[in-house]
Every structure is written in structure tokens, then in C-alpha cells.
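Here is a quick tour of one chain, going from the overall fold down to a few single residues. Have the structure open while you read.

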Amino acid sequence: MNQLNSASRLTRKLAQIGPRRLLGAVYEALRNRVLHLIYGFDPWHVTGNFHARPYKADVVRLIESVPHDCVVEIGVGLGDILGRVHATKRVGIDREAAVLKAAKYCVNGPVSFAVADFEKPEELIAALKGSAVSSVDVLLLVNWIHMIEMDVIAHTLSAVSREISIKHIVMDTIRAGTPGYRFTHSQNDLRRLGDIKKVIAADDVRDLVIVEVKSIFD
Ligand SMILES: C[S@@+](CC[C@H](N)C(=O)[O-])C[C@H]1O[C@@H](n2cnc3c(N)ncnc32)[C@H](O)[C@@H]1O
């Protein structure tokens, strides 16, 4: 019965992402499984890899659509997205130290990593300053920001932007009424942060949005 379920899951995935991506997804799942056994990070990262989750390539394309010397990803995980962005400076931040230890083996080229929790603005500012970030061209908040209430997002980003300027934010929003997600931020919510430049449908439940940040908000 279990084998039948696995076979039908594999067939569904093959139909969704095609044979080339499936091969990439299997390779990355094996690599991440070994890293997971060594570092013990959240098992989501084993199968939620770049080739298995097409939204990640869309995020890379959105970032490449605006000028960007410095790109920072909060909730960077193993660096699937940040590792594929071309930028002079790339900084990955996550609240889980174990995943960052493994991320070093998953990205090509220079990326600095730091541990900080988005919900603790002082910790985040210290991590950015510690990574010599003086301004951010694109800030990524993808595939976890639905766990955070809009007031908290606005408060943290306002506190950060008082010390370090942020030009653009790329984040995902879950469509209203989708079960299983804590928050579904609307476009009106996002307008608290700035002007919405582009929205693209990423998958069945989420859109990707790029916002040009206002100088002061809260
Ligand atoms: C589902 S993974 C997504 C990783 C990456 N953004 C991607 O799409 O490939 C979510 C990541 O966000 C991190 N995370 C969740 N809440 C966070 C917070 N409040 N501050 C910093 N990182 C957080 C988790 O530890 C995890 O590594």
C-alpha cells in the first residue's frame, strides 16, 4: 500500500515538474537528507528543494527584474533562492542555526550567513550590521512569512529601515480562504510597506509580490 502511494506521488510530481526537474529534485533530496542527518535541521528542507518547488525560480526572476547590488534573504533555509541570485553582496539570515551550517555546502560563490529571528528587530539589525549591510536593494521573505501577522511585519521592517535602508521587498502571499495557513496577507496589507510593482501567481495557493518600499512606514 505504501509503495503504491509513493508511486502515485512520484507520478503526480512528474506530471507537475517534468523529468529534468524531477531528476534535480531527487538529487537535491538525497544531498539534503545526508546534510539533515549530520546537522539535524527541519526535515522540510529535504524535499522542499529548488527543483521540487517551482516558485523558487520565479522568485529569482523577480529579483533579477530590479537593480540589486545587495540582496538579503530572511528565512533563507539552505539558500536555494539566494544561492541562484547574481549580486555583489548576498546575506542569508535564519533563526535556525542548524540549517545555516548546512547551507554553506549548498550555495556557490560568496554568501554570508547569520542567525536572527525576524520577530526580534534588534537581533535582525545586529545581524545585518554584523554582515556589513548598510543598505538592502532586495529583501526576501518567502515561504514562512505567512506565519507572521501584518502588524509584526510592518513593525520589524519599520525598525530595520530606520537604521538600514530597504529598497524592495519580495514576499509571497497566501490567497484568502486557503486552509492550513496562519495568515493570508492581502494587497492592501502590503501597501502599508510601499507600492506594489508586480504580482505573479506562483502556485495553487500563493502569489509572489515585489514591493517598492516607502521611506517611512508602520
Ligand atoms: C519553508 S523554509 C523556506 C526557505 C527559503 N525561504 C525557501 O523558500 O527556499 C522557511 C525558513 O524560514 C525560517 N524562519 C521561519 N520563521 C523565521 C523567523 N521568524 N525569523 C527567521 N527565520 C525564520 C525557518 O527556519 C526556515 O529555514
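Predicted model: local features only at pLDDT ≥ 70, side-chain atom pairs only at ≥ 80, totals over all residues.

**Overall build**

As for burial, 37% of the 218 residues count as buried. If you take the contacts with a separation of 6 or more, 60% of them link residues 24 or more positions apart.

**Around the ligand**

The ligand has 19 residues around it, and the closest are Gly75, Gly77, Arg95, Phe118 and Trp144. What is the make-up of this shell? It divides into eight nonpolar, four polar and seven charged residues.

**Two helices that meet**

Two packed helices are described by the angle between their axes and the distance between the axes. For helix H5 (residues 121-130) and helix H6 (residues 150-163), the axes come within 9 Å and cross at roughly 35°. The crossing of H5 and H6 is right-handed. On the H5 side, the contact is made by Pro121, Leu124 and Ile125, while H6 brings in Thr156, Ala159, Val160 and Glu163. Sorted by type, the residues of this H5–H6 contact are five nonpolar, one polar and one charged.

**Two loop residues with positive phi**

Most residues other than glycine have a negative phi. Two residues that go the other way are worth a look. Ala132 has a positive phi of about 60° although it is not a glycine, and it sits in the loop between H5 and strand S4 (135-141). Asn143 is also not a glycine, with a positive phi near 65°, and its place is the loop between S4 and H6.

Are these two buried or exposed? Ala132 counts as exposed because it has 10 C-beta neighbours inside 10 Å, and the cut-off for exposed is 12 or fewer. Asn143 has 22 other C-beta atoms within 10 Å, so it is buried; here the cut-off is 20 or more.

Which residues does Ala98 meet, beyond its neighbours within four places in sequence? They are Tyr39, Gly40 and Phe41. Ala98 itself is in helix H4 (residues 97-103), and it is partly exposed because 17 other C-beta atoms lie within 10 Å.

Ala202 is in the loop between strand S6 (194-201) and strand S7 (206-213). With 22 C-beta neighbours inside 10 Å, Ala202 counts as buried. Leaving out residues up to four places away in sequence, Ala202 touches Tyr55, Asp58, Asp172, Asp207 and Leu208.

| Pair | Apart in sequence | C-alpha to C-alpha |
|---|---|---|
| Ala98 and Phe41 | 57 residues | 5.3 Å |
| Ala202 and Val59 | 143 residues | 8.7 Å |

Technical notes: Residues numbered from 1 in each chain as written. Near = placed C-beta within 6 Å. Nonpolar A, V, L, I, M, F, W, Y, C, P; charged D, E, K, R; others polar. Axes fitted to C-alpha atoms, helices over the stretch in contact; angles between N-to-C directions. Helix = DSSP H or I, 4+ residues; strand = E, 2+ residues; numbered from the N terminus. Left-handed = near helix turned anticlockwise from the far one by under 90°. Contact = placed C-beta atoms within 7 Å.
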